[in-house]
Amino acid sequence: MHRAHTIYKTLTGPQGQRMGAWLLTKKSTAPVACAGQQLRVYTTPVTSEPFLNGSSSAYVEDMYNAWLADPSSVHVSWDSFFRNSQEGGPGYQSPPSLAPMGRNEMSIASFLPAVGGGGGGAVGGAISEKTIDDHLAVQAIIRSYQIRGHHIAKLDPLGINSADLDDKTPPELLYSHYNFARDGPSRTYSQELVRQVQELTKKETDMDRSFKLPSTTFIGGKDKQLPLREILRRLELTYCRHIGVEFMFINSLEQCNWIRERMETPDIMKISPEQKRLILARLTRATGFEAFLAKKWSSEKRFGLEGCEILIPAMKQVIDRSTDLGVESIVMGMPHRGRLNVLANVCRKPLSQIFTQFAGLEAEDDGSGDVKYHLGTYIERLNRVTNKNIRLAVVANPSHLEAVDPIVQGKTRAEQFYRGDGEGKKVMSVLLHGDAAFSGQGVVFETMHLSDLPEYTTHGTIHIVVNNQVGFTTDPRHSRSSPYCTDVARVVNAPIFHVNADDPESVMHVCNIAAEWRATFHKDVVIDLVSYRRNGHNEIDEPMFTQPLMYKKIKKLKPGLDKYSESLIKEGVVTAAEVKDVKDKYEKICEEAFDNARKETHIKYKDWLDSPWSGFFEGKDPLKVQPTGIKEDTLQHIGKRFSSLPPNAAEFVVHKGIERILKARMDMVGKRTIDWALGEAMAFGSLVKDGIHVRLSGQDVERGTFSHRHHVLHHQNVDKATYKPLSNLYPDQAPYTVCNSSLSEYGVLGFELGYSMTNPNALVIWEAQFGDFNNTAQCIIDQFISSGQAKWVRQSGLVCLLPHALEGMGPEHSSARVERFLQMCSDDPDYFPPESEEFAVRQLHDINWIVANCSTPANLFHILRRQIALPFRKPLILLTPKSLLRHPEARSSFDEMVEGTEFQRIIPEKGPAAANAQGVKKLLFCSGKVYYDFTKARKEKGLEKDIAIARMEQVSPFPYDLVKAECAKYPNAKVFWAQEEHKNQGPWTYVQPRFDTALSGSRDVNYIGRATAASPSTGSKAQHMKEVAQLMADATALK
Ligand SMILES: Cc1ncc(C[n+]2csc(CCOP(=O)(O)OP(=O)(O)O)c2C)c(N)n1
Ligand SMILES: [Mg+2]
């Protein structure tokens, strides 16, 4: 009984307002302030409110309480209903509905306060106010346990209960603190509930009164009514023991009932002795693994799992249940904590491979490697419990916590895509988190928000939090402002199961529910393993410096394995000898693996690859690039299809502006010409024709930020009716996906990188709205794209399109900060590779990524196709134009794309200067759109014979050979690098030493461009124009 009061105390305090608000805000109009709190007024017309839609079972009670307080505050129909009920009549009768009752609807009868066994019931069919009050109070009690039971559940093995930031209820929040007027004229909702509970629980004998259970609870099992005492007991067991579940915010009665059923049904947690023994065996391995590492490498960092060893049985349970339900492949992302244990005991990665990582051996293969607790893995094996084959991948990650989340999602989505697993029944993602990182890192939120977007959903992720109630040295009260570390998941309506990690059976229960939830609703779900960290942050740290009291408690605490084995011995499920036997056997396995590991002389990074591309590299000449030029017919076909109205044009109304754009495209195709949009479409179209899946993702990419692309045509009169020309090129083409993303860079770029990892035979592209926005995804760029292959021998052909050019749009929207990408290129500025036929491809093979800035649509076409034509995969950082998209000169002929043509790393001067090579006084190298500005200025000054301009289309890897040849053509010219960016930005700092290497220091290379600056561009248009004029003057000056 005490608990009921406690729950009510919480319920009626300001904390309880959250529940009150949930109950009361539905369809309310302006609130009326009342007795220091708020009373809502309900005047929703009955016609606009589906009568008793069960999605809020609280609705009737809201109405009733509002009516009690002020009958005129509710709609007249409610007034009539309650008045009639009190007078013994049938209440309000809704008009008969022709439609059958919906899935989420409940009949009014289920809400009517039925008369239970005890006293206080109906007399002659009439229902007294007291009876209604009592039954509503019981309903309210049940719901308050469902909503707020987690607040007082015993979640913390340490008993500190800082899982919820503050488990004390301040006195001013207690209802007893206030003076309730029993029959006051303006009782609030909470006050009314308190009154009802007080009324109900006045006498101890009330505890034996039976009450009919509402349809929103399953505690009765087969019983339709229970004594109040039993109701409370069962609610306590369900919601206030070792599982605290947050789910009542979910806006679906079906889903709430689903959880209630799995939580409340009597005996639902009972498991067989075999299952208990399985948990014990798994817990023994998890514990034994850490102990073994601690014994062998006591001073080595491993970020052990001690204090939350239950993670291993928990993950295995999730996997068992999910495979049972049809999942065949699981993609996992996780931080440092317990990672080696997961690899060993969940993935069953050979122990000897893990142990060799401790031995300080050299690597056998290329790359620079990573520390052992960041490495990934990929394993296919038989699940012994379900007897089904399963693939498990743990994605490699950097130290940057949570950065791997979107990558896991992208990889999962891609795997689902290639398997045709449109509902995520076969492939599933599991994300593990630390408590501090889960609440602290914004990318968690960004990833959560991808979870229900049509082209990004993975149909539900199971999140498991190793909540050891500390982040390095920081307490929860300093690391988050939310009560729980998991609150971020509430934004996507994910149910959250907090569970005391020292109760293995409760943990397994929520793991089963989570797996079933995901399989049923295909939505995210969170398991919060409330645990502790037995050691310091790593094994060398001293935790007593910062968490002395916590660690005094921890030192006295028995390990989870000991507790569980003792309880099973007590239950008679196992004997002490059996417990010891399982322990010893595992230690023996570890010792054997240790001996094997000692025989190894090298480690192999390949053993740790998370995304093997079986068959992709085999039988391929690693230096042979497939041709990128294509047949004229194909260009014509794609061009025409891309420029055509939908086939059902008579019904499909397109915007007049789009009609004009399509017509202009068709005219260009007729003249065998392309602009930027056509060049891109030709690349995509020709790839899908060859069976290569193309996916373009980013903010507003469907139309294109600059309204040049239009890959999705919208019916002007029918909502959501669209037509995608590039999806309708050939009947047997590969799928083309173009999708506007959420307004995120970190999350979405990570997602696309993950997507690109699954299958090398796909062109995956992320486009930034403006190039500079890439910096909010810096971690993905630095930690994954630039260095991923070196660290994890994992390749990716991801393309980043970054609009870039200084066009007077201000400091932002001008620069993609190409200097940063170039600074991260791994080619040696002092090394001119041997010249040979394979020069270009060898350079591409050896570098970490490609940085390019194309000036013609044909070169765009070739470089995109080259991504697939290469015998390996490299990320491509491609600066893209803005004004050039519509520049009349930025066009290419079909002649530059047909068979026999290819990507031009440098486009040499082809005009009068080329014919006057000896007489040329100035040779300018430049990159990107500024070329067109220079040629215009040169023409205006009549210097076309005197100044040669070469375009460096691929800046990195640096085209040493072509630079050398181009310079040799103009022996009497002074050589310049000309750029529109400021001197400390743009390609200058990258190209300068490489020019020296290309020319062996024989000629000086001078700089033309803006002076150094802190900001990428001026915000003043006038200043911008002045700078442009100066730049043009400098570029065309002949001194
Ligand atoms: C993005 C990022 N910032 C900071 C760090 C440094 N760091 C490593 S572990 C850690 C604490 C993590 O706490 P929690 O998420 O609770 O995981 P636990 O170590 O407790 O398992 C911090 C701050 C990091 N790795 N990544
Ligand atoms: Mg932690």
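In sequence, the donor residues of the magnesium ion (ligand 2) follow the spacing D-x32-N-x1-V. This is a predicted model, in which local features need pLDDT of at least 70, side-chain atom pairs count only at pLDDT 80 or more, and totals for chains, interfaces and linings use all residues. Residues are numbered from 1 along each chain as its sequence is written, chains are lettered from A and ligands numbered from 1 in the order in which they are written, and side-chain values use heavy atoms, with hydrogens and water left out.

The protein donors are D435 (OD), N468 (OD1) and V470 (O), lying 2.0 Å from the magnesium ion. Donors are N, O and S atoms within 2.8 Å of the metal (3.2 Å for Na, K and Ca). Water is not among the atoms, so the site may look incomplete.

The table gives its polar contacts, which are pairs of N or O atoms within 3.5 Å.

| Residue | Protein atom | Distance to an oxygen atom of ligand 1 |
|---|---|---|
| A436 | polar backbone atom | 2.9 Å |

On its own, ligand 1 has 580 Å² of accessible area, and the protein covers 75% of that. Areas come from the Shrake-Rupley method with a 1.4 Å probe. Which residues are the closest to ligand 1? They are R337, S399, D435, A436 and A437, out of 15 that surround ligand 1, each with a heavy atom within 4 Å. By class, this shell has five nonpolar, eight polar and two charged residues. Helix α14 (residues 435-440) gives the most, with three residues. Helices (H or I, at least four residues) and strands (E, at least two) are DSSP runs, numbered from the N terminus.

Now to strand β21 (residues 799-803). Five of its five residues are buried. V799, L801 and P803 point one way, while C800 and L802 point the other. In a regular strand, side chains alternate between the two faces of the sheet.

Strand β21 pairs with two strands; pairing takes at least two DSSP bridges. Strand β20 (residues 762-767) runs parallel to β21, joined by three bridges. There, W766 stands opposite C800. Strand β23 (residues 876-880) is also parallel to β21, with five bridges. L801 has L878 of β23 as its bridge partner.

Terms used:
Polar contact = N/O pair within 3.5 Å; in protein donor to acceptor, adjacent residues only side chain to side chain. Nonpolar A, V, L, I, M, F, W, Y, C, P; charged D, E, K, R; others polar. Buried < 20%, exposed > 50% of the residue type's maximum accessible area, 1.4 Å probe, protein only.
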